Amino acid sequence: MSSQLPELNAWVDQVAALTRPERIHWCDGSDAEEQALTALMRERGDLLALNPDSHPGCHLHRSDPEDVARVEHLTFVCTRRREDAGPNNHWLAPDEAHARIDALFDGCMAGRTLYVVPYCMGPIDSPLARCGVEITDSPYVVANMRKMTRMGDAALRRIERDGGFVRGLHSTGELDPGRRFIMHFPEELTIKSYGSGYGGNALLGKKCHALRIASWQARQEGWLAEHMLIVGIERPDGQTRYIAAAFPSACGKTNLAMLIPPEAYRERGWKVWTVGDDICWMQRGSDGRLWAINPEAGFFGVAPGTGPSTNPNALAMLDRDAIFTNVAMTADGQPWWEGLEEGAPALDWQGRAYDPGNGPAAHPNARFTVSMRNCPSYTAAAEHPHGVPISAIVFGGRRRSLVPLVTQARDWSHGVLMGAAMASETTAAATGQVGVVRRDPMAMKPFCGYHFGDYWAHWLSFDTEGARLPAVFQVNWFRRAEDGRFLWPGFGDNLRVLEWILRRCDDDAGARQTPIGLLPNADDLNLDGLALDPADLDALLAVDADGWRVESQAVLAHLEEYAPRVPAELLAQARRLAETLS
Ligand code: SAT
Ligand code: MN
């Protein structure tokens, strides 16, 4: 088989000449193809069937123990000019990068099948959607791409119509961390990834295309590619408003995107609809608002911590047709992870008899892959070609101290500063130390495909005549007391904060001015049915002036790392913050 697009056929031929596979398979995305691939992977031991009674159509994949997360130190943005990649990326000159990684690809598919995977990021008929083709030698990647994107014939037809596509070349290679690179060539709309089978490194439609390459394209074309969930909040009057929210990996985006309202809200008719849990592409519409699509078609979520009290919607979508990666297994073949609240592990994520002495049963970054249509809060709005209008943008990090529960930005450029100043404690989603606070602007530190200074200027450029921009907020669900306990219950109760946010958009809720922005007074929040210690609430809504003085200086120093490209307007905002606090 081949396509109607000569450049695609020529690229496949060229890759085959380099990698020398035994055979080539063009993926059509059909059910028959998925069944054949699943059978093959079961035979090879890549997938283990889970209990067919409790989890029909579900499989477990155990990865190489050295290949369980993104590898930021091996991820490169290879622009012609080093400055364009910025201090926020590792950089190599394109020629050198191609030479180094092509040397690894040389002959690497001997004895393997080369899969050609055409995919569309976004609804097939959406003007906001963009397409790519991933070439991979991993059937596990193909199976995941089928759940995570619109993959196969329909995508290929659109690629043939569009005439262009992002090229992604992937091989699991030897899974040797010493022979592993994830390289991006934004000027060539090309990705090359070698030596890892893990999600963010290998499912090239996700972080590599939909964030690193797309952020570059978005800047050129005047839109935004962001690391944000998209959630619809339906009020008792039947109106649904949409919020886009950026949080670093493993900080609860999936939980927030599919939260179940607290009882007091459910009784009054509040509902929550999930449009996306990880990536958001936004463009200005003719009405001046920002309209957003979720470029993905599935969820690649963190399993540990997902339980009946934290995310019942997620549990309900994981009992059929899901792929689990690096979770543990019960004696009767059900998937298991910490936080599931029932069952017990018999085998850990590496397939060893479970022994608490070996650490958690499931890897802390164990994942599930599932089609978004499985989710009870799935909404057909996710298929809308023009996307959904965004009322509010929320930035959130994992901060045990300082950052209040919620703060509204005074205006768009103050909101951009809030995003640019974001910091969060690191998680198991990337290799390296966990729990260290680092700056993670707009939750895009690992994903912005170009210089952060240019990126902030691009954000600021949306504030034009006639724009009806979303209001911008900062939230922090992760504040702790001295004794380590969380001050805010989080999960479903986060709707209380989202309600205040949406009311602020309508000028329908109170707030007090502070040097860091607008904060709710305790009685501006709906705390109906919530037993919260008043002292905890005070702490959640207080502005610690001493702490913020230190923070504002740290923010200035952080922005200055991006000189000379950091926009003057942003520096002025940061200086204003520092001055009002001093
Ligand atoms: O592994 S992924 O990058 O796809 C998930 C995440 O870390 O956000
Ligand atoms: Mn993510």
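The 30 residues that line the second largest pocket divide into 10 nonpolar, 13 polar and 7 charged, where Ala, Val, Leu, Ile, Met, Phe, Trp, Tyr, Cys and Pro count as nonpolar, Asp, Glu, Lys and Arg as charged, and the others, Gly among them, as polar. This is a predicted model, in which local features need pLDDT of at least 70 and side-chain atom pairs count only at pLDDT 80 or more, while totals for chains, interfaces and linings use all residues. Residues are numbered from 1 along each chain as its sequence is written, chains are lettered from A and ligands numbered from 1 in the order in which they are written, and side-chain values use heavy atoms, with hydrogens and water left out.

**Second largest pocket**

- About 450 Å³ of space lies in this pocket, a pocket being an open set of points on a 1 Å grid over the protein atoms alone where a 1.4 Å probe fits, with protein on both sides within 12 Å along at least five of seven lines, and lining residues being those with an atom within 4 Å of a point.
- The volume is the space filled by probe spheres set on the points, which are joined across faces, edges and corners.
- Nearest the centre of the second largest pocket lie R70, E72, A430, R438 and P446.
- Two or more lining residues come from each of β4 (75–77) and β24 (423–425), with β4 giving the most, 3 residues; helices (H or I, at least four residues) and strands (E, at least two) are DSSP runs, numbered from the N terminus.
- Domain 1 (6–222) and domain 2 (226–298 + 380–543) each supply at least three residues of this lining, the domain bounds coming from an automatic or database domain assignment.

**Largest pocket**

- The largest pocket holds about 990 Å³ of space and is lined by 45 residues, of which A250, C251, G252, N255 and R398 lie nearest its centre.
- Its lining comprises 19 nonpolar, 15 polar and 11 charged residues.
- At least two lining residues come from each of α8 (205–221), α9 (253–257), β17 (298–302) and β21 (367–371), and the largest share, 4 residues, is that of α9.
- Because domain 1 and domain 2 both give residues to the lining, the largest pocket lies between them.

**Backbone geometry in loops**

- Most residues other than glycine have a negative phi, and most peptide bonds are trans.
- The peptide bond from A563 to P564 is cis, with omega near 5°, and P564 sits in the loop between α16 (545–560) and α17 (568–581).
- L189, in the loop between β9 (181–185) and β10 (190–194), has a positive phi near 45° and is partly exposed, with a relative accessible area of 26%.
- A443 takes a positive phi near 60° in the loop between β25 (437–439) and α13 (452–460), and is buried, with a relative accessible area of 1%; buried means under 20% relative accessible area, exposed over 50%, and partly exposed in between (1.4 Å probe, protein chains only).

**Strand pairing around β15**

- Strand β15 (residues 280–284) runs antiparallel to strand β11 (residues 224–226), to which 3 bridges join it, and A225 stands opposite W281; two strands pair if DSSP finds at least two bridges between them.
- β15 also pairs in the antiparallel sense with strand β16 (residues 290–293) over 4 bridges, where W291 is the bridge partner of Q283.
- The hairpin of β15 and β16 has 5 residues between the strands, and in this hairpin G288 takes a positive phi near 85°.
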